[in-house]
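Here are my notes on the model you sent over. Have the structure open while you go through them.

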Amino acid sequence: HVYWLPTYLSREYKDLPLHTPAELIASTSNPEAIEAAEMNDTLRQKLKDHQVNGDLVIGMSAGDLDAWLRAITF
């Protein structure tokens, strides 16, 4: 399962449209396996559930995910 976290604008041509997570998710080959998420208690609980189930959790981010994951308590 993929949790798509918010992104930030980081490109040369700032006048191009910025696609929302919902738009990007809808354009994938398996959108039901992806959900837009925020770094909040809801995501923390979902990650805790994955941990309890023995699932592998991989975090990839260009932002604050690392610091957030290190700060939350499972």
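1. Let's start with L43, which is buried, at a relative accessible area of 3%. For that label, buried means under 20% relative accessible area, exposed over 50% and partly exposed in between, with a 1.4 Å probe and protein chains only. L43 sits in helix α2. Not counting residues up to four places away in sequence, L43 touches Y3, L5, A37, E38 and W68, where contact means heavy atoms within 4.5 Å.

2. A word on ground rules. This is a predicted model, where local features need pLDDT of at least 70, side-chain atom pairs count only at pLDDT 80 or more, and totals for chains, interfaces and linings use all residues. Residues are numbered from 1 along each chain as its sequence is written, and side-chain values use heavy atoms, with hydrogens and water left out.

3. Now the overall layout. The protein chain has 3 helices and 2 strands, and reads β-α-β-α-α along the sequence. Helices (H or I, at least four residues) and strands (E, at least two) are DSSP runs, numbered from the N terminus. The C-alpha atoms fill a box of roughly 45 × 30 × 20 Å along the principal axes. Of the 74 residues, 14% are buried. Among contacts with a separation of 6 or more, 65% involve residues 24 or more positions apart.

4. Which residues make up the largest nonpolar core? The 8 are Y3, L5, A37, L43, L47, L65, W68 and I72. Helices α2 (41-52) and α3 (65-71) each put in at least two of this core's residues. By nonpolar core I mean a set of buried Ala, Val, Leu, Ile, Met, Phe, Trp, Tyr and Cys residues joined through side-chain atoms within 4.5 Å.

5. Setting aside neighbours within four places in sequence, W68 contacts M39, N40, L43, R44 and L47.

6. On to the largest pocket, which holds about 720 Å³ of space. Its lining has 24 residues, and Y3, L5, G59, M60 and L65 lie nearest the centre. The elements giving two or more residues to that lining are β1 (2-4), α2 and α3. A pocket here is an open set of points on a 1 Å grid over the protein atoms alone, where a 1.4 Å probe fits, with protein on both sides within 12 Å along at least five of seven lines; lining residues have an atom within 4 Å of a point. Grid points are joined across faces, edges and corners, and the volume is the space filled by probe spheres set on the points.

7. By class, the pocket lining has 16 nonpolar, 6 polar and 2 charged residues. In this count, Ala, Val, Leu, Ile, Met, Phe, Trp, Tyr, Cys and Pro are nonpolar, Asp, Glu, Lys and Arg are charged, and the others, Gly among them, are polar.

8. H1, in the segment before β1, is exposed at a relative accessible area of 55%. Even so, H1 is in contact with E32, A33, I34 and E35, leaving aside neighbours within four places in sequence. L16 is in the loop between β1 and α1 (21-26) and is partly exposed, at 45%. The C-alpha atoms of L16 and G54 are 41 Å apart, with 38 residues' separation along the chain.
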